[in-house]
Each structure stands twice: as structure tokens, then as C-alpha cells.
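Could you look through this structure with me?

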Amino acid sequence: MTVRLQVTIPASELDRFNSAAGARGMTQAEFQVALMNLHDAVRKIVDKATEEDDPWFLMEATLTSLGLQTVVR
């Protein structure tokens, strides 16, 4: 099942989004799903990181600063 989603974003960001999707031969929807899957995959890695995994602590801080911290559903 697919659902139509309408969002409003700044034109400069839409251009960036469309360019990134197009460069990969993806539709906007395919690219959005890929980004959500990437987010899920990175969250799983970051949530398991230890102090020995320093780059993952940096990733955690980056995701959190973007408002993409882990959310328990």
C-alpha cells in the first residue's frame, strides 16, 4: 500500500533533495525511504556503541543535534 504525502520545505532544500535522489536514479519516495532505512541502520549501530567505538559516539552526537536521536515507540 502506498500513501500520498505532502510536505512543504524550502526550495533550496527541495533542489538538494531532488538532485540527490536523481543522482541515484531514485524517485523522491524511494530516496526518502532509503534515508529512513539509513537512519534506522545508523541508530542500531550507535545504540550499541561503546567508548572504544569513538566514531560512533561522534555519530550519536551528530544524530542527536539533528533531532534524530533514538525514540522508543
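The points below go through salt bridges, an aromatic pair, a surface patch and a pocket.

1. Before you start, please keep in mind that this is a predicted model.

2. Let us begin with the salt bridges. How many does a search of the whole structure find? The search comes to three salt bridges. One of them joins the side chains of Arg16 and Glu13, at 3.0 Å from N to O. These two residues are separated by about one helical turn, because they sit three residues apart in helix 1. Arg16 counts as exposed, with 59% relative accessibility, while Glu13 is partly exposed at 35%.

3. Now find Arg43 in helix 2. Its side chain meets that of Asp47 in a salt bridge of 2.9 Å, N to O. Both residues lie in helix 2, four residues apart, or about one turn of the helix. Is Arg43 buried or exposed? With a relative accessible area of 6%, Arg43 is buried; the cut-off for buried is under 20%. Asp47, in contrast, is partly exposed at 45%.

4. Arg43 has another partner: Glu60, with the closest N and O atoms 2.7 Å apart. Arg43 belongs to helix 2 and Glu60 to helix 3 (residues 54–65), so this pair ties together parts that are 17 residues apart in sequence. Glu60 counts as partly exposed, at 25% relative accessibility. Taken together, Arg43, Asp47 and Glu60 are linked in a network of salt bridges.

5. Next, the aromatic rings. The count here is one aromatic pair. The ring centres of Phe17 and Phe31 are 5.1 Å apart and their planes stand at 65 degrees, so the pair is edge-to-face; that label needs an angle over 60 degrees. The pair links distant parts of the chain, with Phe17 in helix 1 and Phe31 in helix 2 (residues 28–48), 14 residues apart. Phe17 is buried at 18% relative accessibility, and Phe31 is buried at 9%.

6. Leu14 is placed in helix 1 (residues 11–23) and counts as partly exposed, at 33% relative accessibility.

7. Finally, the largest pocket has a volume of about 600 Å³. It is lined by 16 residues, and the closest to its centre are Leu5, Val7, Gln28, Ala29 and Gln32. Helix 1 and helix 2 are the elements that give two or more residues to this lining. Helix 2 provides the largest share, six residues.

Definitions and conventions: Residues numbered from 1 in each chain as written. Predicted model: local features only at pLDDT ≥ 70, side-chain atom pairs only at ≥ 80, totals over all residues. Heavy atoms only, no water. Buried < 20%, exposed > 50% of the residue type's maximum accessible area, 1.4 Å probe, protein only. Phe/Tyr/Trp six-rings, centres within 6.5 Å; stacked < 30°, edge-to-face > 60°. 1 Å grid on protein atoms, 1.4 Å probe; cavity = no way out; pocket = protein on both sides within 12 Å on 5 of 7 lines; lining within 4 Å. Points joined across faces, edges and corners; volume = space filled by probe spheres on them. Salt bridge = Lys/Arg side-chain N within 4 Å of Asp/Glu carboxyl O.
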